Amino acid sequence: MFERVSFNYNDAKVLVTGGSNGIGLACAQAYRKAGANVIITGRKASANDYETDLDGMDYRQVNIQDRSALASLADSLDTLDILINNAGGTQADEWSDTGFDQSIDINLASVFHLSNACKDKLAASQFEGGASVVGIASMTSYFGLELAPAYGAAKAGLVQMMKTFAMSWGQHGIRANAVAAGLTRSNLTAYVIDHMDEMMEATFARQGIKRAGQPEDIAAAVLFLTSPAASWITGQTLPVDGGYTIGM
């Protein structure tokens with residue numbers, strides 16, 4: 001990930017939802033490089049259907065809107081130390097009833113149902129510093145975005161949900177935190193970053209660091225928050241945004 005920073009996750013069991021591309025893939029690859037046993041979920045039938053590097057990962061096809069599928073995924077795990085709730089995304093028309101409900105289901109409800117289903121496995125973890133649940137939040141956790149009323153509400157709800165998990169599950173040795181990603185390169189954002197100069201200029205005007213984020217920037221924060229170095233950090237949301245949240 002970064003030459004001067006390394007993590008040791010030898011023998012840790014890590015589940016990353018939406019781990020086939022973007023931030024999820026960067027997290028999964030970083031955990032794999034650090035020695036973890038990594039399980040990822042995606043929508044396609046098999047890992048061979050992706051062009052990305054999924055070697056050495058246990059791929060599961062899962063529809064995160066299917067609550068029974070989430071329960072089955074949790075039941076299939078023998079152990080679990082770390083859960084990264086990354087899967088999600090904006091929907092085509094979030095101002096419609098269907099689009100709004102679907103976005104809330106994908107970006108918020110699925111996080112609750114999978115995390116809750118994994119609770120007992122996480123509570124049994126012997127990982128140093130405690131087991132962890134992490135939610136990938138967004139700048140829409142803090143700021144309104146007209147095109148995404150449901151996505152923003154879900155990501156704001158995700159921040160609150162991590163606080164509730166932290167308070168409720170700390171007694172079981174489970175920590176819960178979120179990482180609020182700024183404008184980070186992915187399949188969904190690449191066009192904006194590469195072609196919408198006016199929007200990027202407005203974004204950079206708020207940021208202290210004048211560049212778009214890379215998935216590895218978010219992955220580095222995630223690995224820190226689940227490491228023993230963060231064993232007294234829970235219920236927090238860490239913005240990784242180049243300073244966007246402090247700009248005017």
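Author: Welcome! One definition to start with: a residue counts as buried under 20% relative accessible area, as exposed over 50%, and as partly exposed in between. Please keep in mind that the model is predicted.

Reader: Thanks! Is Asp11 buried or exposed?

Author: Asp11 is found in the segment before β1 (13-16). Its relative accessible area is 66%, and the cut-off for this class is over 50%. Asp11 therefore counts as exposed.

Reader: What is the phi of Asp11?

Author: Most residues other than glycine have a negative phi. Asp11 is not a glycine, yet its phi is positive, at about 70 degrees.

Reader: And Gly130, is that residue buried or exposed?

Author: You will find Gly130 in the loop between α3 and β5. Its relative accessible area is 16%, and the cut-off here is under 20%. Gly130 is therefore buried.

Reader: How many Å apart in space are Gly130 and Gly42?

Author: Along the sequence, these two glycines are 88 residues apart. From C-alpha to C-alpha, the distance between Gly130 and Gly42 in space is 27 Å.

Reader: Which residue of β6 is the bridge partner of Ala131?

Author: Strand β5 (residues 131-138) and strand β6 (residues 174-181) run parallel and are joined by eight bridges. Val133, for instance, stands opposite Ala176 in β6. For Ala131, the partner in β6 is Ile174.

Reader: How many of the eight residues of β6 are buried?

Author: In a regular strand the side chains alternate between the two faces of the sheet. In β6, Ile174, Ala176, Ala178 and Ala180 point one way, while Arg175, Asn177, Val179 and Ala181 point the other way, and all are buried. The strand β6 is thus largely enclosed by the rest of the structure, and its buried residues number eight of the eight.

Reader: How many residues in the contact of α1 with α7 are nonpolar?

Author: On the α1 side the contact includes Ile23, Ala26 and Tyr31, and on the α7 side Ile218, Val222 and Leu223 are among the residues. One residue of this contact is polar and one is charged, while the nonpolar ones number 10.

Reader: Last one! Are helices α3 and α4 roughly parallel or roughly perpendicular?

Author: The axes of α3 (residues 97-123) and α4 (residues 149-169) come within 8 Å and cross at roughly 15 degrees. Among the residues that meet are Phe100, Leu108 and Phe112 in α3 and Tyr151, Leu158 and Phe165 in α4. The contact divides into 15 nonpolar, five polar and two charged residues. With an angle under 35 degrees, α3 is therefore, relative to α4, roughly parallel.

Conventions: Residues are numbered from 1 along each chain as its sequence is written. This is a predicted model: local features need pLDDT of at least 70, side-chain atom pairs count only at pLDDT 80 or more; totals for chains, interfaces and linings use all residues. Side-chain values use heavy atoms; hydrogens and water are left out. Two strands pair if DSSP finds at least two bridges between them. Helices (H or I, at least four residues) and strands (E, at least two) are DSSP runs, numbered from the N terminus. Contact means heavy atoms within 4.5 Å. Ala, Val, Leu, Ile, Met, Phe, Trp, Tyr, Cys and Pro count as nonpolar, Asp, Glu, Lys and Arg as charged, and the others, Gly among them, as polar. Buried means under 20% relative accessible area, exposed over 50%, partly exposed in between (1.4 Å probe, protein chains only). Axes are lines fitted to C-alpha atoms, for helices over the stretch in contact, and angles run from 0 to 180 degrees between N-to-C directions. Angles under 35 degrees count as roughly parallel, over 145 as roughly antiparallel, 65 to 115 as roughly perpendicular and the rest as oblique.
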